[in-house]
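Welcome! Take a look at the structure below, and then we will walk through it one topic at a time.

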Amino acid sequence: MDKLSLLDKFKDPNLIHNLSDGDKMLASLQVMFLGMTVTFVALCILWGLIIVMSKMLNKTEKEEKKVVEDSAIKPELALEKEDDEEELVAVITAAIAASLQTSTHNIIVRNITRVSDSTPVWGRMGRMEQMNNNY
Amino acid sequence: MDKLSLLDKFKDPNLIHNLSDGDKMLASLQVMFLGMTVTFVALCILWGLIIVMSKMLNKTEKEEKKVVEDSAIKPELALEKEDDEEELVAVITAAIAASLQTSTHNIIVRNITRVSDSTPVWGRMGRMEQMNNNY
Amino acid sequence: MDKLSLLDKFKDPNLIHNLSDGDKMLASLQVMFLGMTVTFVALCILWGLIIVMSKMLNKTEKEEKKVVEDSAIKPELALEKEDDEEELVAVITAAIAASLQTSTHNIIVRNITRVSDSTPVWGRMGRMEQMNNNY
Amino acid sequence: MVQTIIKFLQSTGFYGFKDYPLNIVMIFIAFVLLYLAIKKGFEPLLLVPIAFGIFLTNLPYANMMLPHGEHGQPGGLLWYFFQGDELGIFPPIIFMGVGAMTDFGPLIANPRALLLGAAAQFGIFTTFIGSILWGFTGQQAASIGIIGGADGPTAIFLASRLAPELLGAIAVAAYSYMALVPIIQPPIMKLLTTKEERMIKMDQLRPVSKTEKILFPIIVTLVVSLMLPPAATLIGMLMLGNLFKESGVTGRLADTAQNALINIITILLGLSVGATATAEAFLTAQTLKIIFLGVLAFGVGTAAGVILAKIMNKLSGGKINPLIGSAGVSAVPMAARVSQVVGQKENPSNFLLMHAMGPNVAGVIGSAVAAGVMLSLFG
Amino acid sequence: MVQTIIKFLQSTGFYGFKDYPLNIVMIFIAFVLLYLAIKKGFEPLLLVPIAFGIFLTNLPYANMMLPHGEHGQPGGLLWYFFQGDELGIFPPIIFMGVGAMTDFGPLIANPRALLLGAAAQFGIFTTFIGSILWGFTGQQAASIGIIGGADGPTAIFLASRLAPELLGAIAVAAYSYMALVPIIQPPIMKLLTTKEERMIKMDQLRPVSKTEKILFPIIVTLVVSLMLPPAATLIGMLMLGNLFKESGVTGRLADTAQNALINIITILLGLSVGATATAEAFLTAQTLKIIFLGVLAFGVGTAAGVILAKIMNKLSGGKINPLIGSAGVSAVPMAARVSQVVGQKENPSNFLLMHAMGPNVAGVIGSAVAAGVMLSLFG
Amino acid sequence: MVQTIIKFLQSTGFYGFKDYPLNIVMIFIAFVLLYLAIKKGFEPLLLVPIAFGIFLTNLPYANMMLPHGEHGQPGGLLWYFFQGDELGIFPPIIFMGVGAMTDFGPLIANPRALLLGAAAQFGIFTTFIGSILWGFTGQQAASIGIIGGADGPTAIFLASRLAPELLGAIAVAAYSYMALVPIIQPPIMKLLTTKEERMIKMDQLRPVSKTEKILFPIIVTLVVSLMLPPAATLIGMLMLGNLFKESGVTGRLADTAQNALINIITILLGLSVGATATAEAFLTAQTLKIIFLGVLAFGVGTAAGVILAKIMNKLSGGKINPLIGSAGVSAVPMAARVSQVVGQKENPSNFLLMHAMGPNVAGVIGSAVAAGVMLSLFG
Ligand code: NA
Ligand code: NA
Ligand code: NA
């Protein structure tokens with residue numbers, strides 16, 4: 001019958017061996033065509049959405065900065081905190097490296113843990129000394 | 001019949017919808033009464049036991065201190081060890097903070113691991129250099 | 001019948017209680033004999049193989065050193081790296097200990113992580129700054 | 001070829017929205033929860049996995065919750081994770097991690113706080129009555145009431161045993177309200193206390209010895225489990241975690257229980273609890289009722305805690321600040337922090353935090369006890 | 001006694017080689033893989049467990065893959081581990097860890113790279129055709145083709161669903177070729193590009209904001225899962241891991257996902273995938289075909305990426321170095337490193353690494369999409 | 001209402017002690033074990049979970065070991081954990097962690113120590129005979145004998161396969177005696193050696209190359225698994241863990257195997273092994289016999305090790321201190337430490353620790369071999 005039933009046979013592991021090489025080739029090419037098309041379409045949609053997202057965010061950010069400069073402080077602070085953290089790690093790394101006369105490229109200090117709020121609700125219990133900071 | 005069979009109907013997800021609102025209210029109030037009573041009784045028993053425990057321990061500790069001052073050295077040492085550990089972490093925290101001119105409130109050094117004996121039996125293998133300390 | 005069927009009965013939790021104490025003893029001794037023999041044979045084979053391995057490696061290493069001194073650089077480097085790491089930890093340990101006037105015996109710095117290549121393939125992603133080193 | 005393409009297009013989730021249009025609403029709800037978790041910081045460690053689970057489960061044809069086939073055909077990933085909730089395995093493991101992170105010292109130093117931890121469970125039972133009168137079954141009403149216990153794992157444990165059909169809505173409500181504690185509680189606290197009461201300073205707590213801290217988890221497990229056998233699993237694991245911490249000889253286990261293990265289980269539990277919130281299950285009048293009843297439970301529990309604290313203050317001759325009563329709902333440690341903040345606003349030199357931690361951790365025990373009663377009656 | 005000893009000797013694996021002589025070959029292959037992993041550093045984190053799994057499963061009478069008995073008799077250890085592969089549980093968990101380690105910033109900064117990540121999947125589909133013509137079924141051909149996706153977990157996920165009988169050979173081929181990327185790709189890259197093209201320097205990437213990084217995983221999950229519902233599990237978990245990392249509020253979960261959890265699952269998955277490679281299953285003509293087809297898939301994918309990059313370079317007026325096209329096969333981050341190294345040989349001051357990371361991570365998404373197509377057609 | 005209260009009271013565990021009075025004894029035993037673990041430091045990492053498991057399983061009506069229902073009703077938490085013991089999954093995973101922590105260097109440097117690791121298994125087989133004559137079946141006797149192997153996971157693995165009904169008693173005996181090694185061994189060692197022998201100083205061990213350390217686990221797995229296929233699981237996982245450590249390229253996996261993973265499994269295994277020790281199963285004459293036979297096994301093993309070491313000393317012309325023979329029972333590293341301490345008492349400048357580590361780790365291999373023999377004969 002038509003191509004659809006060809007693909008149906010093609011999908012069935014028991015029937016595929018009855019197909020001629022030509023039919024197999026035909027069906028395979030359909031799979032390839034469909035597959036590459038879907039892959040390109042999917043990633044192109046993502047491409048478009050990323051560009052839209054970036055543009056919208058840039059706009060919003062500019063507007064936000066103008067209109068509500070105050071309310072932006074909180075997220076900025078959050079970002080600063082992170083930067084701080086990176087800075088902190090960088091400083092410590094440099095210090096240790098200096099004292100060892102080795103390049104910082106090969107050392108990662110990753111365990112200077114700043115107390116962040118990302119402990120679970122149950123996790124913050126018992127660390128009461130720093131609670132005032134957070135609230 | 002009597003209240004028991006009311007509660008029995010109440011417990012059955014298929015029968016509960018046959019009860020009148022008054023019966024439901026009555027059964028719910030029973031559940032509330034029972035629930036709050038049990039909760040209070042349970043936590044009051046704990047309250048009593050904690051007080052008894054604290055009093056008994058205080059007594060025992062005083063007696064122990066008098067009679068067997070020697071044998072108390074071991075647990076005390078254990079405690080001291082822990083204190084030491086905290087002290088150690090405190091010192092290191094302070095040092096790093098100082099060198100970074102930031103408050104110690106936001107930094108936790110939690111990875112200066114002191115070799116304690118709490119590795120499992122199979123874990124202590126291969127760390128022979130410190131075995132003499134422990135035995 | 002013969003001893004085999006004795007052991008067969010011995011293995012069956014339902015039949016074993018029909019055996020006389022003498023038979024049980026006999027069967028147990030067989031188990032012991034077989035067990036200790038196998039244990040000794042297995043560990044003796046290992047003994048032999050370890051000695052063969054050590055001798056062969058010593059030979060190969062000597063030959064390798066003569067013939068292909070160049071190609072040996074890479075593994076040696078790997079070894080050096082590890083040594084470095086230990087050295088690094090030792091230096092840091094000593095430094096912290098010195099600043100705390102405590103013995104190095106009780107401190108393990110185990111979290112100064114050197115970036116080694118042993119992150120999984122998917123793990124190295126996003127740590128691009130050190131890629132040049134490795135390739 | 002054209003037919004193949006049409007068939008392919010009909011297999012996409014875009015087309016699937018024709019059959020499941022309400023899933024779009026659920027995906028939107030998931031995004032709102034993600035926004036609240038990430039931008040507003042509402043319980044992110046649980047809301048991010050829960051919201052992502054809601055997101056994934058409502059993608060048409062993605063079959064994330066497809067059950068394991070009778071003849072062994074692989075099911076959906078989140079269905080496998082969900083087995084840990086359904087069989088009651090994950091919540092006790094999370095409780096073990098919680099125990100390993102909890103310091104019961106303030107409660108041992110001031111055991112009267114247990115009364116406040118009991119009083120705050122009043123919200124559970126009033127909400128139970130409300131739920132019954134609103135047409136829920138006893139099993140469902142018990143699961144809804146426990147939202148007022150302000151303890152996520154307990155709510156999930158109870159709901160998975162008594163009313164699995166409501167699990168998604170109850171979990172979302174429980175964690176959302178836990179995150180909203182700083183907004184829900186202060187007005188109630190101010191309404192029920194006078195300025196003088198809020199300014200009361202409390203005596204410093206006595207130090208607690210190591211032996212007391214070791215005996216405490218054993219005693220609690222023994223007493224609570226004997227009184228309420230169905231609570232043994234939750235309380236036992238909570239106290240085992242605490243014993244790992246306090247014993248001083250099992251630091252490795254305490255460390256793993258409160259880090260790797262609790263994190264792994266949190267991911268699996270959050271995702272799979274969220275995945276129960278399909279459009280069919282969630283977008284019902286029941287869910288709206290649950291959300292309303294949940295906030296009622298919180299409010300009544302807070303009020304009951306404050307009122308008992310006022311009474312205790314009277315009886316003790318003014319030594320107890322009633323603000324610590326609200327911490328009895330649990331929601332550790334946020335409820336205790338709220339007591340601290342509200343108290344400090346009245347009197348900047350007042351530090352209630354340590355005193356509020358007592359009722360706060362007592363509330364965890366209290367809601368496990370209440371859950372035990374419910375399981376005992378309706379299990 | 002003598003009979004007992006004879007019986008014992010007949011129960012040893014030495015005697016077992018009489019029945020299973022080819023197992024010796026497999027054990028030798030395991031040793032070669034261990035040598036490559038340990039001495040040559042080829043993907044050791046996966047090849048060591050896989051090779052050890054091959055080793056253990058081919059020890060006669062050790063019964064490492066004995067199925068769980070119908071009446072509950074304990075099965076082999078590796079059989080239990082294998083359930084996580086067979087039910088499709090382990091690969092998505094690994095993907096979550098991968099997501100928590102991945103920085104999609106370079107891709108967000110230069111989203112054109114997505115095209116290269118799509119082009120490099122061409123190897124999957126050409127290999128599919130080759131496999132079909134060489135006598136494999138559609139399900140098998142799809143699983144073989146996906147080797148060209150250069151993504152181990154995706155290959156295992158797809159093979160476990162479509163062609164579990166080939167799982168061992170496919171897993172070994174996939175990870176071996178991923179390790180061989182620095183050897184396979186450079187000649188193809190040099191053949192297809194001119195010296196001038198290889199010397200092109202690219203503009204620096206723009207910085208990417210935190211909000212973009214948070215929205216990216218959500219958008220990708222939404223779009224890919226709606227287009228290809230069968231890809232939702234892999235993409236969803238990959239992006240959940242990334243969201244844990246980028247959200248900034250779930251650091252604990254990101255940390256566990258990319259350390260304890262991924263390591264545990266890597267051990268279990270590696271061992272059990274290796275354990276499928278018994279002599280009967282592995283030492284067949286099929287395996288040789290798979291190994292040949294696998295390298296074809298890699299080569300064609302590399303070439304397709306480079307060629308599309310050449311075209312894009314032309315269209316953009318010479319701003320794109322075609323060497324970054326080869327990174328689209330994924331094999332993160334080795335393929336990107338290869339682009340860097342080949343470029344730097346031509347022009348020592350050229351730093352292509354960051355530009356190659358874009359196509360590189362796009363390749364991961366691309367092969368998940370391709371896997372979704374295959375599952376949609378053959379699942 | 002009154003009836004409801006009565007019904008409630010009859011559902012409490014206090015009332016339950018009427019039906020299960022002996023559970024009180026078991027809870028007391030659990031508390032004694034907790035005391036020993038926490039205050040005396042006896043193997044706390046295993047005894048705390050085991051003791052807590054005994055505690056929980058003997059709380060009446062708590063149903064911690066209720067099996068999973070035929071129609072899917074949730075079972076008890078510890079029953080689910082117990083599946084990992086019953087199916088033989090947990091002990092090999094623990095062995096992997098042990099392997100990742102073990103340094104076989106001292107054994108490779110002095111492979112004669114393997115003989116001592118073999119000799120010390122003599123206690124296993126003498127105890128086997130004793131158990132048979134005392135009325136146990138072959139399967140039970142093998143499981144009891146293995147206590148003398150001084151290796152907890154091996155004992156649990158063997159008992160779960162051959163005599164699950166004795167698992168609780170065997171596990172408790174095995175871990176208790178491992179903790180008591182410093183008390184059991186010294187008198188036997190002194191009795192069997194002369195002062196001169198105890199004062200012998202041994203030559204320093206040669207350094208061991210990295211390649212030897214990498215080849216060692218592979219060779220051991222190959223030889224032991226081929227001789228004793230049923231030992232392949234335990235030995236294979238032990239040596240895989242060691243290979244993770246020694247290969248130098250899989251540090252991530254070695255780290256997880258010896259930390260997060262082994263800790264998680266230790267908690268689950270400890271709790272569930274303890275949970276098998278219900279009053280019915282534990283408070284029997286059998287348990288008393290097992291406790292007696294267990295100490296016999298330890299003593300005979302210690303003696304056999306020392307005696308073979310004496311013989312080897314004679315043959316080598318006085319170069320081997322017989323005190324290192326006792327370390328062959330395994331109980332790593334306590335038995336090695338005991339050799340060190342007893343030796344140093346005689347001669348304060350004598351350091352036997354490194355020399356005793358050889359027999360000590362050989363003893364682990366030895367008891368896995370002995371377990372393989374038992375499985376081969378009685379499995
Ligand atoms: Na509560
Ligand atoms: Na790819
Ligand atoms: Na042993």
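K195(D) is partly exposed, with a relative accessible area of 44%. Here, buried means under 20% relative accessible area, exposed means over 50%, and partly exposed is in between (1.4 Å probe, protein chains only). Before going on, please note that this is a predicted model, in which local features need pLDDT of at least 70 and side-chain atom pairs count only at pLDDT 80 or more, while totals for chains, interfaces and linings use all residues. Residues are numbered from 1 along each chain as its sequence is written, chains are lettered from A and ligands numbered from 1 in the order in which they are written, and side-chain values use heavy atoms, with hydrogens and water left out.

Which residue forms a salt bridge with K195(D)? The partner is E346(D), and the closest N and O atoms are 2.7 Å apart. A salt bridge here is a side-chain nitrogen of Lys or Arg within 4 Å of a carboxyl oxygen of Asp or Glu. Side chains of opposite charge can pair when their charged atoms come close. E346(D) lies in helix α19 (residues 334–346) of chain D and K195(D) in helix α13 (residues 195–199) of chain D, so the pair ties together parts that are 151 residues apart in sequence. Helices (H or I, at least four residues) and strands (E, at least two) are DSSP runs, numbered from the N terminus.

E346(D) also forms a salt bridge with R198(D), where the closest N and O atoms are 2.8 Å apart. R198(D) is in helix α13 of chain D and E346(D) in helix α19 of chain D, so this pair ties together parts that are 148 residues apart in sequence. E346(D) is buried, with a relative accessible area of 18%, and R198(D) is buried too.

## A salt bridge in chain F

Now let us turn to chain F. The side chains of K310(F) and E197(F) meet in a salt bridge, with 3.0 Å from N to O. K310(F) sits in helix α18 (residues 285–315) of chain F and E197(F) in helix α13 (residues 195–198) of chain F, and this pair links distant parts of the chain, 113 residues apart. E197(F) is buried, at a relative accessible area of 7%. Back in chain D, salt bridges that share partners join K195(D), R198(D) and E346(D) into one network. How many salt bridges are there over all chains? A search of the whole structure finds 21.

Chain A has four helices and two strands, and along the sequence they follow the pattern α-α-α-β-β-α. Of the 135 residues in chain A, 36% are buried. UniProt, in an unreviewed entry, places the feature "transmembrane region" at residues 31–52 of chain A; such positions are given in the numbering used here, feature names are shortened, and annotations may be inferred rather than shown by experiment. Over residues 31–52 the chain is 100% helix and 0% strand, with the end C-alpha atoms 31 Å apart.

In all, 37 residues of chain A are in contact (heavy atoms within 4.5 Å) with 48 residues of chain E. The area buried between chain A and chain E is about 3,600 Å², and carbon and sulfur atoms give 82% of that area. Buried area is the accessible area (1.4 Å probe) that two parts lose on being put together, summed over both. The count of salt bridges between chain A and chain E is zero. On the side of chain A that touches chain E, α1 (3–11) and α2 (21–67) each supply at least two residues, and α2(A) gives the most, with 27 residues.

In chain E, a cis peptide bond joins V332(E) and P333(E), with omega about -5 degrees. P333(E) is in the loop between α18 (285–315) and α19 (334–346) of chain E. Chain F has a cis peptide bond between V332(F) and P333(F), where omega is about -10 degrees.

A331(D) has a positive phi of about 50 degrees although it is not a glycine. A331(D) is in the loop between α18 (285–316) and α19 of chain D, and it is buried, with a relative accessible area of 1%.
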